[in-house]
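Subject: Structure handover

Hello,

Here is the structure, with sequence, for your files. My notes follow below it.

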Amino acid sequence: MKRTDEFSLVYNNSKKWHFEGAVVFYKSGLEKKVGFTASKKVGNSVKRNRARRRLKALFRELGDQLKSGSYVFVAKVKIDSMDYISLKKSLLWSFKRLNCLEK
């Protein structure tokens with residue numbers, strides 16, 4: 001996803017789950033779309049890009065297990081202090097709570 005209206009559609013009409021490092025939005029659909037954001041609260045551009053890269057890497061790793069639909073990941077300030085394992089566990093728990101894992 002690249003356009004603001006696509007992000008807004010997911011923000012307004014989806015299920016969401018917060019965890020320590022990010023917020024995950026999920027809206028079911030026919031194809032798999034994904035978007036990543038990090039506000040200036042996360043830090044300077046280096047920290048924001050690192051947060052997005054970490055979320056992208058996790059999505060690439062776990063994306064095969066997910067149902068089709070639109071996903072938006074919003075990085076939070078604490079993502080910088082989380083290690084990869086705990087971030088992955090939290091993200092898996094979020095997917096389970098949002099009921100978007102394929103069985």
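Start with helix 3, on its outward side: Ile-85, Lys-89 and Lys-96 are exposed there. Exposed means over 50% relative accessible area, buried under 20%, and partly exposed in between, with a 1.4 Å probe and protein chains only. Helices (H or I, at least four residues) and strands (E, at least two) are DSSP runs, numbered from the N terminus.

Two notes on the source. This is a predicted model: local features need pLDDT of at least 70, side-chain atom pairs count only at pLDDT 80 or more, and totals for chains, interfaces and linings use all residues. Residues are numbered from 1 along each chain as its sequence is written, and side-chain values use heavy atoms, with hydrogens and water left out.

Helix 3

The helix covers residues 84-98, 15 residues in total. From first C-alpha to last it reaches 21 Å, close to the 21 Å expected at 1.5 Å a residue. The expected span is 1.5 Å times one less than the number of residues. Leu-87, Leu-91, Ser-94, Phe-95 and Leu-98 are buried. They cover an arc of only 100 degrees around the axis, which puts them on the same side of helix 3. The arc is taken from the directions from the helix axis to the C-beta atoms. The cover over these buried residues includes strand 1 (15-18), strand 2 (22-28), helix 2 (45-62) and strand 4 (69-75). Contact here means heavy atoms within 4.5 Å. After the helix comes Asn-99, with a positive phi near 60 degrees.

Four strands form an open sheet in the order 1-2-4-3, with mixed pairing. Two strands pair if DSSP finds at least two bridges between them. Strand 1 and strand 3 (33-38) are the edge strands, each pairing on one side only. Neighbouring strands are turned by 15 degrees against each other on average, direction ignored. Axes are lines fitted to C-alpha atoms, for helices over the stretch in contact, and angles run from 0 to 180 degrees between N-to-C directions.

Now the pairings:

- Strand 1 and strand 2 are antiparallel, over four bridges. A hairpin of three residues joins them. His-18 has Val-23 of strand 2 as its bridge partner.
- Strand 2 and strand 4 are antiparallel, joined by seven bridges. Val-23 stands opposite Val-74 in strand 4.
- Strand 3 and strand 4 are parallel, joined by six bridges. Ala-38 stands opposite Ala-75 in strand 4.

Helix 2 packs on this sheet and touches strand 2, strand 3 and strand 4. Its direction makes about 155 degrees with that of strand 3. Helix 3 lies across strand 1, strand 2 and strand 4, at about 150 degrees to strand 1. Strand 2 is mostly covered, with five of its seven residues buried.

Helix 2

Aromatic pairs

Rings of Phe, Tyr and Trp (its six-membered ring) pair if their centres lie within 6.5 Å; planes under 30 degrees apart count as stacked, over 60 as edge-to-face and the rest as tilted. By this rule there are nine aromatic pairs.

Tyr-11 and Phe-25 form an edge-to-face pair, 4.9 Å centre to centre, with 70 degrees between the planes. The pair links distant parts of the chain: Tyr-11 is in helix 1 (residues 4-12) and Phe-25 in strand 2, 14 residues apart. Tyr-11 is partly exposed, at 33% relative accessible area. Phe-25 counts as buried, at 10%.

Phe-36 and Phe-59 have ring centres 6.3 Å apart and planes at 75 degrees, so this pair is edge-to-face. Phe-36 lies in strand 3 and Phe-59 in helix 2, so the pair ties together parts 23 residues apart in sequence. Phe-36 and Phe-59 are buried.

Finally, Tyr-26, Phe-36, Phe-59, Tyr-71, Phe-73 and Phe-95 form one aromatic cluster.

Best wishes
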